[in-house]
Amino acid sequence: MTASTSPSPALALAAGSCRLASRARTLAAWLGPGRALTPTGMPKPSDAPEAAAELGIPTPGRVRRAADIPELGMVWRFARAGGFVIVDGGRGHGAAAELDWPKLPPQTVVRRWLDALSAAIPFGAGTERPRDDDEHATCIAVLLFALSTADDPGDAGCVSARILEMTRGGQWPLSWRCSFLWTQEEHEFEQLHTFLVDAGAADSNRGLTPLGSWALEQLRPAQISPRMSTTDLLGELQRRPPRDPYPAIWPWIEVQGPDTALQGLLAEAGQADTPQRRLALELAAQLPVDSDEPWHRATAHPVLGPPARRILWDDDPTQQALSPQDLLWLAVDECAAAWHGDDPARLLERFHDLPGATGPERLTALHGSDHPDAAALADHLARSGAEQSQPSVYQLKISLTGWGVWRRVLVRPTLTLGDLHEVIRTVLDWDDDHLHLFQGPDRRTYAPHWCDLDAADEDTVLVGDAFPQEGSIMGYTYDLGDYWRHEITYQKTLAGGPGTAHPVCTAGHGDSPIEDSLPENEEGTYPTAPFAIDDINECLIRVFSPN
């Protein structure tokens, strides 16, 4: 979540002292140095009654799984998302460093509290549940706003009517999956209210606390007016960046006109900080303008030059390739985005994507990037010990369904799914003459942006985000006519070394069928290309490290 203002120490104190945070600390203390968990990362059925007893939660006579104690599951989700509990290697550990939230900066405390609230709120059942994080955030915002504006917040029917009234308009968009919000029974509203009170977001009268009002401001959908200024538009979108901003801003684009909108966004980007500049450029790059002349003028700007040249090159790859200095600037910009987004794990991974074989060499490259955040970012990385850190790599197993053919590869988590497509086609010898599609563990689909498919842009999604945890499986289909189906399994995370700056194939089995070929005999046997691991790795080097 992106905060529009810095939270006060009072908000952080309220977040750290709420009942759910206290119960999460109790759960962490119960775990101690570590207890074995189920494959889904929950307490084992034999341990669940003991954990519930520590929290004062009544348990049924027979517990077959932790889900049989819903209140325990709710506290467990809050504890995990809030950093009180760490799950690693099939064991749960009490995170001692996170037990005392008041020692953390206020912004960190309230962000973790908001993540924990979002993870634990008892929303939906069966097919009626939010589809993704964006929809989930809107559901919470709708509930909070309805409680704060209903004529009688203590009456479930009154709150339901307020929710229905809100969601009929376009500024509180909810799909049919979230229809449970306006069909809640009295006891279900009471459960949600009790949860919000325990989380410190609501009071006993169903009004919002200051912490609940802050959460509403972070989670509510962007309120876009067709005639608002470009500055106000960016500020509203930056408060909570939507997954797809275009449906919300299209009326604004129509009033402005695409070419005028482009000029305004580039003007704002030229004087903005890194997060707002990136947002402005993301919006500008998708405008259906008549001329690229504003982009060509932007290439002379000291800050807009590298991203403008990248956008022009993406639009027409026949132009001159980006210079090493441009690529360095863009890599540092990714580091800066992670830094401003308070995402230390991604910042560290992005740091390892910078040129250089060692930490000091990467810091030197950062200093020489001419990026406006370079000096402050380098100082932060040096103080955080990034020079001594090691990059991580994901071990993925790519299996061709029904053929017994598989390849094991090591890839950096900062590769995009578009990059992963290049890895797959290289290790399985696909020619890339056909469309392809990814199907994520969350059932979302991803494809190239130019495909006429109802799918997210694969070049905007990182491997580290697409696979939420070890054991996650993603589907991949190559050739939407012949449907060569694949299963990609995230097996584990390893420490990277000098040989993993680019993707590496470490093992495999079976020869790859040749695409667009026909069976050679009545048994349906296809001609194949032999599995040659050395040739595959030479190809991967040429694709990902051409210099």
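I call a residue buried under 20% relative accessible area, exposed over 50% and partly exposed in between (1.4 Å probe, protein chains only). I take helices (H or I, at least four residues) and strands (E, at least two) as DSSP runs, numbered from the N terminus.

The model is predicted: local features need pLDDT of at least 70, side-chain atom pairs count only at pLDDT 80 or more, and totals for chains, interfaces and linings use all residues. Residues are numbered from 1 along each chain as its sequence is written, and side-chain values use heavy atoms, with hydrogens and water left out.

**Helix α11**

I looked up α11, residues 246-256, and found Tyr246, Ile249, Trp252 and Ile253 buried. Down the axis of α11 these buried residues fall within an arc of 120 degrees (directions from the helix axis to the C-beta atoms), so they line one face of the helix. Pro247 and Glu254 are exposed on the face turned away from that buried side. I then checked contacts, meaning heavy atoms within 4.5 Å. The buried residues of α11 pack against α10 (230-239), α12 (258-271) and α13 (274-285). Gly257 follows α11 and has a positive phi, near 90 degrees.

**Helix α16**

Next I took α16, residues 324-340. Its buried residues include Asp326, Trp329, Asp333 and Cys335. Among the elements covering them I noted α13, α15 (305-315) and α17 (344-351). Asp342 follows α16, with a positive phi near 55 degrees.

**The sheet**

I found three strands in an open antiparallel sheet, ordered β1-β3-β2. Strands pair if DSSP finds at least two bridges between them. The edge strands, β1 (35-36) and β2 (85-88), each pair on one side only.

Definitions and conventions: Expected span 1.5 Å × (residues − 1).
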